[in-house]
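Thanks for passing this one along. Here are a few notes to read beside the coordinates.

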Amino acid sequence: MSYIVIDESKCKSCYLCINACPKKLIKAKEKPNNFGEYTAEFKDDKKECIACAKCALVCPDIAITKVVKE
Ligand code: SF4
Ligand code: SF4
């Protein structure tokens, strides 16, 4: 199963990645960070990431630091 790594410290909660993922594998966190923002996180569920990198390409803050294909 492939996966992505999101650097929470760089995420500005714009959610472009959530809309870009064809597999709907990214969501907003349920708890806010220290700045009150609900940053994006990779879902830990049974759907598989296809490592297409669409999420990383749309992120304006380069917060998705890794797209790992396994
Ligand atoms: S596109 Fe980048 S900055 Fe926007 S929510 Fe996703 S990871 Fe965060
Ligand atoms: S690499 Fe593709 S499938 Fe995986 S989380 Fe990003 S947009 Fe979704």
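**Notes on the model**

1. Let's start with the ligands, bearing in mind that this is a predicted model. Ligand 1 is surrounded by 15 residues, and the closest are C11, C14, C17, A40 and C59. By class, that shell holds 11 nonpolar, 2 polar and 2 charged residues.

2. Around ligand 2 there are 14 residues, with C21, C49, C52, K54 and C55 the closest. This shell is made up of 12 nonpolar and 2 charged residues, with no polar ones.

3. Next, the fold. You will find 2 helices and 4 strands in the protein, and along the sequence they come in the order β-α-β-β-α-β. Among contacts with a separation of 6 or more, 69% link residues 24 or more positions apart.

4. On overall dimensions, the C-alpha atoms fill a box of roughly 35 × 25 × 20 Å along the principal axes. The radius of gyration is 11 Å, which agrees with the value near 11 Å for a compact globule of 70 residues.

5. Of the 70 residues, 20% count as buried. The largest nonpolar core has 13 residues, and the members that touch the most others are I6, C17, I26, C55 and I64. In soluble globular proteins, nonpolar side chains tend to be buried together.

6. Which residues does I6 contact, leaving aside its neighbours within four places in sequence? They are C11, A40, E41, F42, A63 and I64.

Definitions and conventions:
Residues numbered from 1 in each chain as written. Chains lettered and ligands numbered in written order. Predicted model: local features only at pLDDT ≥ 70, side-chain atom pairs only at ≥ 80, totals over all residues. Near = placed C-beta within 6 Å. Nonpolar A, V, L, I, M, F, W, Y, C, P; charged D, E, K, R; others polar. Core = buried A, V, L, I, M, F, W, Y, C linked by C-beta atoms within 7 Å. Buried ≥ 20, exposed ≤ 12 C-beta atoms within 10 Å, placed from the backbone. Contact = placed C-beta atoms within 7 Å. Rg over C-alpha atoms; globule rule 2.2 N^0.38 Å.
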